[in-house]
Amino acid sequence: MTKWGMVIDLDKCTGCQACTTACAMENNTLPGENWQDVLFYHEGTYPTAKLTWLPRPCMQCENPSCVTVCPTRATYKDMDAGGIVFVDWNKCIGCKYCMIACPYGVRFYADEQPVVEPDVRDVFPGEGQLWAPPYQSPESDARRGIGIQPKGVVSKCTFCYHKVSQAPEGVADLDEDNPETKEYVPACVRTCPPKARYFGDLDNPESEVNRLIADQRGVRLRDHTGNRPQVYYLGSGADVPAYNPPSDS
Amino acid sequence: MDKANTGISRRRFLATTGTTGALTAAAVTVGLNGPRGEPAPAQAQARRPNTRITKNICAQCPARCGIDVYTTDGRVHAIYGDVGNPISNGKLCPKGHLGTYFLYDPDRFRGPMRRTNPNKGRDEDPGFVPISWDEALDIVAERLNDLRARGESHRFAHFYGRGWGPTDAGLYGDWGKLYGTPNSAIGHASMCAEGSKRAKRATDGNDSYNSYDYANTNYILNFGASFLEAFRPYNYLMQMWGKMRSKSPQTRITTIDVRMNPTMAASDRAVYIKPATDGAMALAIAHVILTEGLWDREFVGDFADGRNHFATGETISAAAQMAVTDPETGEVTTQPAEGSGFVELWTHGLVDWWNEELKDRTPEWAESITEVPASTIRAVAREFGTTRPAMAIMERGPTSHTNGTYNGMAIHALNALVGSLFAERGGMFYQMGVPYGGLPVNADDYLDDWARDGAWKEQPRIDMARTERWPMTAHMMQEAGPNHLAGDPYKLDTAMFYYTNPIWTAPNPQVWEEALKDVFIIETSPFPGETAMYADIILPDHTYLERWQDSPTYPFEGWPMTALRVPAVDPIYDTKHFGDTLIEIGKRIDGPMGEYYREIDNVENVLRHRARGFEDNPGDNGVNSFESWAEKGVWYRKPYHWHHRRGKFYEWDGEGYNIEMTEEEVKQKLLRTPSGKFEFRSGFLEQHADYIEREMGIPADRVGLIQWVEPVHTGGAGDLYFVSPKTPMHAEGRSGNIPHGIAIHQPMVGGKNTVYLEVHPDTARARGIRDGDRVRIRSDIGSIEAYCRLVPAHRRDTIVLPMEHGHWAQGRWAKGRLPGHSGDVTANVSDPISGLASYYTGKVTLERA
Amino acid sequence: MNNGNILKGPLGILLLIVSAGVAIAAFAYAMMDLMAVGHRSFNTSSQMPWGQPIATYLYFALASSGLGMIAALPLVFGFKQFYPLAKRSIYLAFIILISGMAVLAMELGHVFRMLWVMPLNMQIQSAMFWMGVFYIADLLFLLWKFQKMEGKEWDSKTSRQIGIASFLAVLLASGNLALIFGMMSMRPFWFDGLMPIYFYLTAVASGLAAVVFFTYLAYGFNRSAMPAPMRAMFAGSLPRLFAAVLGGTVLFIAVRAITGLYTNNPEIYLVWRDYLFASPVYQASLWLGIVVPFVIMLIAGLRANAGIQVLVSMAVFAGLFAERYFFVVGGQVVPLFRGTWEWGLIEYTPSLTEWALTIMGSAMLFALYAAGERFLNLSAMPDDLPAASGREATA
């Protein structure tokens, strides 16, 4: 059975945030509602300061802590969809417990104060959905949290399931450089300029993602959580520094 | 809206009376036999049957990435990189995806408008009222005809920033010639990146940015080019970064900058340098390369005796080379030189350079100037000198200072020393032109007496570029406003602006705010920028997703390339292609000029004629006509035609680099200096020796030498260097009004609805400033406010404020957003040689607000 | 009957009208905001999803549980001296839970959807699911028990069985509520298997504060107006119990603070150092709302004093509200993976709308309470209370 996985090579990632904007436009998220985010960390002082960054999508965990806390099964892991964790917007009651329970901070309650004013939701008001950007994607599937969300529900990265689901059966890798699969690649992977991202089937031993994980010693972020992400990191930088308040630095 | 005004089109009426009007302009047909509507073949297949993909070029920076624009039922909903475009290769930077905000910006101008409030200023409501295109064009034409009739046609000026090619900026030359103004057009180059171009002009004779073979280089020595933030073409650079960092051997990268940034962080070695002193470090690197014998002998040459005589503090001599005529055959040959003198091959002036400048430019000397430890300089020099291919790159960091050209020359000299110019692999080149077809008519055949011999020909440009005041510059836009204000050389009457907003972007823009009050201003931007708030007439352009437009590439890999914009949707408002606006005004000018423009007719016609050039030069992707160009979105033809290999230059013969070039051919085509060599002693600068001596105090007999020149910092008594870099989110002129861009603008310190001033904690503490405080940045020309973040990764003497916000127009998201605009504390001082505005050389004071 | 109960008179009507008015006004204000801009009117965010409304709900729910446990003292465990507050406690537990649920309802994204998706999907792995089950059971048993008391069925077999069931429901509900937080290993500030014990203790403390305050309120803060067994209780066993429970609370907070400050884990020690102890409000609520009341209640000469008891109950009322608030927010203030987007601790202060919900819940509680005092006999107790309580009063 297909198990979609992503590999992110931190030695190639340039921290540009193209993944973030490609995702935002593909999935019509609000400004600052970064399903795919890039987090920057500072350590040290001039002239030996260290600046690192970490692109962070939803980890689509094998053992997702967000799923079991959901009182309504609105959040679920769909094994028939490659193990992607979805939010069913028709079932979500907006209790936000999944946001508390996600150790990676990749769930969003968009019905909150805007990061940027004027609020785009007022500029492009929507009926029955939180807003209606003029560039709204034609894709929508409320059962999987695809499209523009209604009020009062939680949203998250879907691995661009509306694209991925169209991929030919049994394909090992969704590679944006392959014209046959380009359109089925998640937006963040497709656009990544230094090609720091790879997407494929973790259940297929022949897949490029498995090869990269094996050859380059892929690691999972905060593996001690036991959530077992389906996203792997290569290179240095997945050892995210612990939170350090600015007053202590 | 004035309902009696029947000149307003129905579309515009819909557009201005309801927001949904924009979206109902669904069915797209354009009067062109382009391939639109037909599904594009093979790889560009969209999944949804009613989704169409059109080719376009991103317009948010100069990179010119080819893009696929996805349109479903008349709505543009996605933008991805075009796989067939050699710059984007299917990829995009973070700005590219946000392009739909340009199309659907709710603050766009929806049609031509006329000003009703005669007063101009920051707080004056222009009182724009809609008018028809005919009315608008007639008003402009009448004004220009009157001006011409009065014999004052030179008082009309075009200003432009981002020109794309033959359909816009490419029209200016003929326009000025026919109308009779030296001011067609004033470009923004001097507020952009002229420093590196002039440095290359002065050393290798090419007034251009370089092309680079990054994919094959093994070492990059990066002086202040923010490779991973704003260096062009950013998207392509990141692709190359991915390649360089995963190829074998991995490309080693050393970055020298004045602040911590992603490029510094991702490099193998980050070297902090004191602002404006990069030239000193480059000279010291050159010194080490020479004294340690690491230079490329096949490009530079060698001592006749094969020994290295470069020793710190000691002079060398040139080898005397004598031409000998064979008494029997009459053949002239050069005798091999003898003794300890230096024999130069493809360079010129090395001996003088060493003797008069370089021999004392030790790493220890450079440490005292740059604050970079001598040991670091030595280590970098050894790495750079022993790794081939290697290249030294630079951009505005080192050149946006009063000593910018000399800094740039010193850096570029390193490329000559290690032989990377035109090198076979991993080298750097220049850009080949596109074999475009000609226009249907020649402007020279349409000149009337005034155009040919009118008094306007005696007039200098308003910006005084290319005059004795700025003899080595091409454009000096930043001078135009102040010059007009002073009436020197004259007062402008009318000015037309395209893709430029100097009332905000010029250094010391406060002067411009005053200067442009009495100029009749024609603004062509689709968006309400600051200059537009001074406009008397608004003639809004289409956004880039709505227009036909070609764009030859800026240098990137050398071979010629030109991409094409194909409209994704019909213009959603009553706008007009800038090129067509220009042509339509031209048609309304009395005399033969009007006839000329009737022959040109429209930009579509221009493009079709240009594309005819492809018939004989089909692109590598099969593009040989306008139609196939529109289908593929790009024409290009590899390879680059020349390279240097083991001391000799070769030209491409269609199959390989097999034609060895003569020295004369190299001088004609590649090293276009007076000597035909790479000049460590610049003939170009020596031609302007008196000017340089006067302006910079360098003795006339030394001006040609690549040398260390003390920078002149502006700003008055400030104790902190103030730099205002661009982040990757800086979409030229518009990112301040793109909510998704604002929200992630400054990830390095978390600037998500403002841009923070980045300050070293010690610097802040000394001024009683805490993290998050509102602070005031002050120079001798003004002050601005910002919120600050304490960033221990920066130099203590350098504060960093990414340039973006502080607009007083631009749209609902941009207007009034803190921090203030960095330009407001930036003095209008430029490098006398390149004319590049010294944006990064100001000093300021910092205090709690 | 209830001659001393001032809320049976015009003051009761006044309290009913005023608090109902406040509740309705607060509801209207919050509703208007929610209709207009949704949860944008909250200051919560995806980084701080649970704010003051959740803290308010938690406070009310636990106070209700505490009251249920207090009522169980006489009803389940046979501590007959506490009979005088049994009925009022059960009633208060009921209305305070209703009020808390009303606040929660306004906080949720889709409250009505909950009614059908929860039973249809039966996600038994979710503590949130069990919270629904247990609190509904709790509510029903409270109602049933109260109905039995109304029927003066103090000691029948069914009444006792219902009492036991109700007590178990209370334990399950509040214990499970504790686990909603305590099971979150990704939120180390909350992650604690003993969280239910802490919740039980503090629940009883807030329940005691509530019942003391409201009983005094009913009698115009005049102990002499109370029936004799009640007087005896207030003079003897109740303040001792109160002191003991407050002591337990102080102890629990202290051990949490000590372990929290001791650990190197920034997600815990920073909460204590930079958020809780750095906040004057937290400091005030801890010292004035919990520690000082505990000290006062330790002093035999003071704890029996009616005025002191009222003051202490009010202080504890407020102190524990703050404790709940800082507990909920404290678990979220350290940015989870936020990098530079969250430069420091996540800042949160409740919005006016969120305050409106807290006020709405509180006013609702007062209104329902005033109605209860007026229309029901909340001071009812078995007629055959042993004289022992009288003896204690004289002790």
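1. Chain B of this predicted model contains 29 helices and 34 strands. Its radius of gyration is 27 Å, close to the 29 Å that the globule rule gives for 849 residues, so chain B is as compact as a globular protein of that length. Taken along the principal axes, the C-alpha atoms of chain B fill a box of roughly 90 × 75 × 60 Å.

2. Within chain B, a sheet of three strands deserves a look: the sheet is open, runs in the order S22-S23-S24, and is paired in the antiparallel sense. Strand S22 (549-552) and strand S24 (634-636) of chain B stand at the edges and have a single partner strand each, so one side of each is left without a neighbour in the sheet. From one strand to the next the twist averages 15°. Strand S23 of chain B, which covers residues 561-565, is joined to S24(B) by three bridges in the antiparallel sense, and in this part of the sheet Thr562(B) stands opposite Trp635(B) of S24(B). As a reminder, strands of a sheet pair through backbone hydrogen bonds, either parallel or antiparallel.

3. Also in chain B, helix H9 (residues 278-291) and helix H12 (residues 363-370) have axes that come within 9 Å and cross at roughly 170°, which means that H9(B) is roughly antiparallel to H12(B). On the side of H9(B) the contact is made by Ala280(B), Met281(B), Leu283(B), Ala284(B) and Val288(B), and on the side of H12(B) by Pro363(B), Trp365(B), Ala366(B), Ile369(B) and Thr370(B). Sorted by class, the residues of this contact of H9(B) with H12(B) are nine nonpolar, one polar and no charged.

4. Ala276(B), although not a glycine, has a positive phi of about 75°, and Ala276(B) lies in the loop between strand S11 (269-272) and H9 of chain B. For context, most residues other than glycine have a negative phi, and most peptide bonds are trans.

5. The bond from Tyr46(A) to Pro47(A) is cis, with omega near 5°, and Pro47(A) is placed in the loop between S2 and S3 of chain A. Glu117(A) and Pro118(A) are likewise joined by a cis peptide bond, where omega is about -5°, and Pro118(A) is found in the loop between strand S6 (107-109) and H4 of chain A.

6. Turning to the interface of chains A and B, the contact takes 50 residues from chain A and 60 residues from chain B. On the side of chain A, the elements that give two or more residues are helix H1 (18-27), strand S2 (37-43), strand S3 (50-56), helix H4 (120-123) and helix H6 (187-191). H1(A) gives the most to this side, with seven residues. By class, the side of chain A that touches chain B divides into 26 nonpolar, 15 polar and nine charged residues.

7. Between chains C and B, the contact takes four residues from chain C and six residues from chain B. The side of chain C that touches chain B has two nonpolar, one polar and one charged residues.

8. In chain C, helix H7 (residues 195-218) and helix H9 (residues 237-262) have axes that come within 9 Å and cross at roughly 140°, which makes H7(C) oblique to H9(C). H7(C) passes H9(C) in a left-handed crossing. The residues of H7(C) that make the contact include Tyr198(C), Leu201(C) and Leu208(C), while those of H9(C) include Phe242(C), Gly248(C) and Phe252(C). The residues of this contact of H7(C) with H9(C) comprise ten nonpolar, three polar and no charged.

9. H7(C) also packs against helix H13 (residues 306-330) of chain C, where the axes come within 8 Å and cross at roughly 140°; H7(C) and H13(C) are therefore oblique to each other. The crossing of H7(C) past H13(C) is left-handed. Among the residues that meet here are Ala209(C), Phe213(C) and Tyr216(C) in H7(C), and Met314(C), Phe317(C) and Glu323(C) in H13(C). The contact of H7(C) with H13(C) has eleven nonpolar, four polar and one charged residues. Thr202(C) and Ala205(C) of H7(C) are listed both in the contact with H9(C) and in the contact with H13(C).

Technical notes:
Residues are numbered from 1 along each chain as its sequence is written. Chains are lettered from A and ligands numbered from 1 in the order in which they are written. This is a predicted model: local features need pLDDT of at least 70, side-chain atom pairs count only at pLDDT 80 or more; totals for chains, interfaces and linings use all residues. Axes are lines fitted to C-alpha atoms, for helices over the stretch in contact, and angles run from 0 to 180 degrees between N-to-C directions. Helices (H or I, at least four residues) and strands (E, at least two) are DSSP runs, numbered from the N terminus. Angles under 35 degrees count as roughly parallel, over 145 as roughly antiparallel, 65 to 115 as roughly perpendicular and the rest as oblique. A crossing is left-handed if the near helix is turned anticlockwise from the far one by less than a right angle, and right-handed if clockwise. Two residues are in contact if their C-beta atoms, placed from the backbone, lie within 7 Å. Ala, Val, Leu, Ile, Met, Phe, Trp, Tyr, Cys and Pro count as nonpolar, Asp, Glu, Lys and Arg as charged, and the others, Gly among them, as polar. Two strands pair if DSSP finds at least two bridges between them. The radius of gyration is taken over C-alpha atoms; the globule rule is 2.2 Å times the number of residues to the power 0.38.
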